[in-house]
Amino acid sequence: MKTITLLLALTIVLMVPTSELFAKDETGLRFTTISLPSSPLIAFRIIVRAGSINDPKGKEGLNSLTADLIANGGTKDLTYSQVVDKLYPWAASIDVQTDQEITTFIGSIHRDHLDGFYKLFSELLLGPRFDPADFQRVKDLHLNYLQNTLRATNDEELGKQTLNAMIFVNHPYGTTEDGTVQGISAITLDDVKNYYKTTYTQANFWIGLAGGYPDNLQETMKKDFSSLPAGEFKEVPLPPVSPVKGMEVTVVEKPTRAYAVSMGFPISINRKDKDFYPLFLANSYFGEHRTFTGVLMNHLRGERGLNYGDYSYAEKFVGGLGQPPFPRVNTPLRQQFFSIWLRPLQPENTHFAIRNALFELKNLVDKGLSTEDFEITRKFVLNYSKLWAATISRRLGYKMDSEFYGTDYFIDRLDKELRTLTVDDVNAVIRKYLNASNVKIAVVVDEGKGKDFLDAMIANTASPIKYASAVTQNILDEDKLIEVFPLNINKEQSRVVSAKDLFEK
Amino acid sequence: MEDTMFRCLTVLLLVFIPMVFAVALDESGQGKIFPYTINQVTLDNGLKIVSIPFESPGIVAYYTVVRTGSRNEVEPGKSGFAHFFEHMMFRGTEKFPEQKFNDILKSIGADNNAYTSDDQTIYHTVASAEALETIMQLESDRFMNLKYSEDAFKTEAGAILGEYNKNSSNPFQSIEEKIRDAAYTEHTYKHTTMGFLKDIENMPNQYQYSLEFFKRWYRPENCVVVVVGDFNQDKLIELAKKYYGAWEAGSYKLAVPAEPQQQAEIKIDLPWKSKTLPILALAYHVPACSDKDIDFAALNLLSLVTFGETSDLYRKLVVNDQLVEFVEGDMSENRDPGLFYVFTRVKDPKNINVVRDAIYGAFGNAATTKVSEEKLASIKSHVKYQFAMSLDNPDRVADEIAHYISITGDPESINRLYAMYDKVTPDDIMNVAKKYFAPTNRTVLLLTQEEKEVKQ
């Protein structure tokens, strides 16, 4: 049951009753707005409340393909090329981000060109051209991505998607956001048109608007988007996520010189839950993304030079590979998972590194944080989190995600919760939700090496490590434990597969 | 696509917008593209402090630009060192050993990192404005007093190899390596910023050289501090004098060999073990980044005229005939003469030659047919709006300025360069198309799946 919460901090232009968490007006459309009259730019985040979980069986990828064809296609009056010609001098772009639960159309424009941009953007959404040639172009891109990029030329993403498929086996979250090879191959333009008709309804549209937009824009949008069928939002029910039994390993073979590792397990909390916040803090201590503040980064890369980076996450985390290293917004999941990402390792060090990460995780569960570490980490997260929503578009995204979860504005809630925490709260939550015994592990290894690798893991063969340099006695002592750290591999649930066979159906 | 390869004018996907009042674009072309005040103060030791007030209450971006990159790696066996050294800069000093350095950054909740490319190494921090003095204390100390053991050095070499490894599944890393190695014979752009793998593998043995590297390049006359955001100018300069005043100037002069003119077309076949669609990459030698010579600006615009999303070639190859997934042209913005790249990924191997010929045809067309005034105006508008809209937070503003400082030494070059774009005429574009794209000036690389790979 949702509690009524106050939306904090920002100027909100609402022409609707505030008694519900979602602002829903009489036409069924939802709006989330941040009005900043002094800003010359306007950000749009138009969410369609459908994602890969809405893909029909046998046509996995339909949601993503439809969305991409809308964002990269034409309108009734203009071809795709003509749309590009119009957007180009404004340096405007319309992007789409498809995820499991939602699909977000992202646009940004200088107010000088708002009228022309809005006209185009709304026409793409309300009357997409669905040109057969554009359909073919976009379909080819999606197929090629799965077959040539994900399977073959992006090992880190391959590791992550393999883990996702493992954690969410027999679950709507279990396919990639873009579907499967057979699913995409089976999709026709008529499928796309039908999906559009049934999914792109007023009930599913959630319009996010931020910046220096004129007062009447929201009214205009209400009027324009009421041309869509009313529809009805039908939440896709999610089954419970399969529990993990022991260490379940999938070894993925492909030609590669370095081995990528992703591991994790489901957790039963997300941003709406009180326990999420101490877990979030614990995770920052353990593996804050792309910083030297985390245990994993310091012990695996800093002290041992094993690889470029080692991080962990208390919820789904997409992107964060550029500068700044912050994740994409609008990738919410009702059912979350904890994960560890070890960036590609030298083959001879991979077994050791997996053990090292789990050794650290076990330490975290058994010993928790010291009071000092807790205080330092809390201070870090309180300050660092203030950098995450530096732009209006991101702030809007965070706000919409908070509404998805049914919670206060996340960054404010994080601040509030952290200030009330004690180290005991954090350590209790670690013990409750984290473990180092029942973990799913995905490893990408070189062709022909998979069986030996898995056999060594199953047999808990010792994996000693050699360093290029002298290391401290402390590390050497730890290594003696790590080299033989036993992993209770669940043989029945472990396998070697070829990358060529993944994401097929 | 992991694109740390080069700095170039591409069509960016814009999702950021300002949280505060940002530039109102001056459509008349009379005003400066960069609308903020740029303060410049040079200390006695040659260190320049560039500071730009920006409306980001409570936030400041602090960048240190070292005008040293992989370009500076002139000695054989030492490629990748500027980048390696960037890593070592996080390994501590006597006053602030590594753990303490990390702990302080952690306590202020800073976003702190660095990157290296051909011409520069950039150290960047974004944090609360209150933390400015702490940041200056840490930064000045490590730039002056960096101290790390040989063991720490050897351990870090593992992380460098790890970085090479994480890029290795992406064919574009290999493509870049091979093209540069072939296209350059003398100049240090011959190797990528990551360096040759054999040099990376030998890095653990280069401790003494790393100390030499620090002495040569980490000197006040070779560095510029850039501060953007919420700060007080007088206080900033006072702190700069306090913390950086004792930094001794150096005297090392670099002689980077000039690249002789390429005499003949170079062709490279690159077989790839993993499944892949064919990738065709072309590279042509072009002038260095310049805010005075029209050719550079014209070439940058040419990359959009001929290969941008609104170009005839793009329309033909991507949208209409659908022979390729994408095609793009990238003009590098380098301190010394760089490369103009064209990349495309072909959907069916049987169309490789057709696509290649279409690209050559597009160059030929650009050399004989003037782009319309209307199209050129659209492209200029795109370039200007793209830039203006990117200035939406202090981090991005600092990064843009840092880039131009590293190339020319002068932050004002950003305004001069964009003024050059305004001046470019259709004739200028035709002239550069004629001048720089002869077959003898090009390197052509074709990456294809190795034959013995089992087909899907």
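Trainee: Before I look at any detail, what average pLDDT does chain A have?

Mentor: Start with the general idea: where pLDDT is low, the predicted coordinates should not be read in detail. Chain A averages a pLDDT of 94, and 95% of the residues score at least 70. The stretch to watch is residues 1–21 of chain A, where the pLDDT is below 50. That stretch still has 31 contacts in the model beyond near neighbours in sequence.

Trainee: Okay, let's take a helix. How many residues does H5 of chain A have, and how far does it reach?

Mentor: Helix H5(A) runs over residues 155–167, which gives it 13 residues. From its first C-alpha to its last it reaches 18 Å, close to the 18 Å expected at 1.5 Å a residue.

Trainee: Is H5(A) mostly covered or mostly uncovered?

Mentor: Here's the background: an α-helix has 3.6 residues a turn, so residues three or four places apart point the same way. Now the case here: H5(A) is mostly covered, with 10 of its 13 residues buried. Among them are Leu158(A), Leu163(A), Met166(A) and Ile167(A), and also Asp155(A) and Glu156(A).

Trainee: What do those buried residues pack against?

Mentor: Within chain A, the buried residues of H5(A) pack against helix H4 (132–150) and strands S6, S7, S9 and S10. They also pack against helix H4 (150–167) of chain B.

Trainee: Next, holes in the protein. What volume does the largest pocket have, and which residues are closest to its centre?

Mentor: The largest pocket has a volume of about 870 Å³. It is lined by 32 residues, and the closest to its centre are Ala165(A), Asn170(A), Gly174(A), Thr175(A) and Lys505(A). H5, S6 and strand S11 (495–498) of chain A are the elements that give two or more residues to this lining. Our helix is back again: H5(A) gives the most, with 4 residues.

Trainee: And how many cavities of 30 Å³ or more does the structure hold?

Mentor: It holds 7 of them. The second largest cavity has a volume of about 330 Å³. There are 27 residues lining that cavity, and Arg271(A), Phe280(A), Glu315(A), Phe317(A) and Pro327(A) lie nearest its centre. Helix H9 (276–287), strand S8 (310–313) and helix H13 (392–405) of chain A each give two or more residues to its lining.

Trainee: Which residues outside its sequence neighbourhood does Thr155(B) touch?

Mentor: Thr155(B) lies in helix H4 of chain B, and it counts as buried because its relative accessibility is 9%. Leaving aside neighbours within four places in sequence, its contacts include Arg301(A), Glu303(A), Ser469(A) and Arg91(B). Pro204(B) is 49 residues away in sequence, yet its C-alpha is 7.8 Å from that of Thr155(B).

Trainee: How many residues separate Tyr36(B) and Val397(B) in sequence?

Mentor: They are 361 residues apart in sequence and 9.6 Å apart in space, C-alpha to C-alpha. Tyr36(B) sits in the segment before strand S1 (39–42) of chain B, and at 15% relative accessibility it counts as buried.

Trainee: Last topic, the backbone. Which residues does a cis peptide bond join?

Mentor: The general idea is that most residues other than glycine have a negative phi, and most peptide bonds are trans. In this model a cis peptide bond joins Gln323(A) and Pro324(A), with omega about 0°. Pro324(A) is in the loop between S8 and S9 of chain A.

Trainee: And what phi do Phe130(A) and Phe503(A) have?

Mentor: Phe130(A) has a positive phi of about 50°, and Phe503(A) has a positive phi of about 60°. Phe130(A) lies in the loop between helix H3 (114–126) and H4 of chain A, while Phe503(A) lies in the segment after S11 of chain A. Phe130(A) counts as buried at 9% relative accessibility, and Phe503(A) counts as buried at 11%.

Notes
Residues are numbered from 1 along each chain as its sequence is written. Chains are lettered from A and ligands numbered from 1 in the order in which they are written. This is a predicted model: local features need pLDDT of at least 70, side-chain atom pairs count only at pLDDT 80 or more; totals for chains, interfaces and linings use all residues. Side-chain values use heavy atoms; hydrogens and water are left out. The expected span of a helix is 1.5 Å times one less than its number of residues. Buried means under 20% relative accessible area, exposed over 50%, partly exposed in between (1.4 Å probe, protein chains only). Contact means heavy atoms within 4.5 Å. pLDDT is the predictor's confidence in each residue, from 0 to 100. On a 1 Å grid over the protein atoms alone, a cavity is a set of points where a 1.4 Å probe fits but cannot get out, and a pocket is an open set with protein on both sides within 12 Å along at least five of seven lines; lining residues have an atom within 4 Å of a point. Grid points are joined across faces, edges and corners, and a volume is the space filled by probe spheres set on the points.
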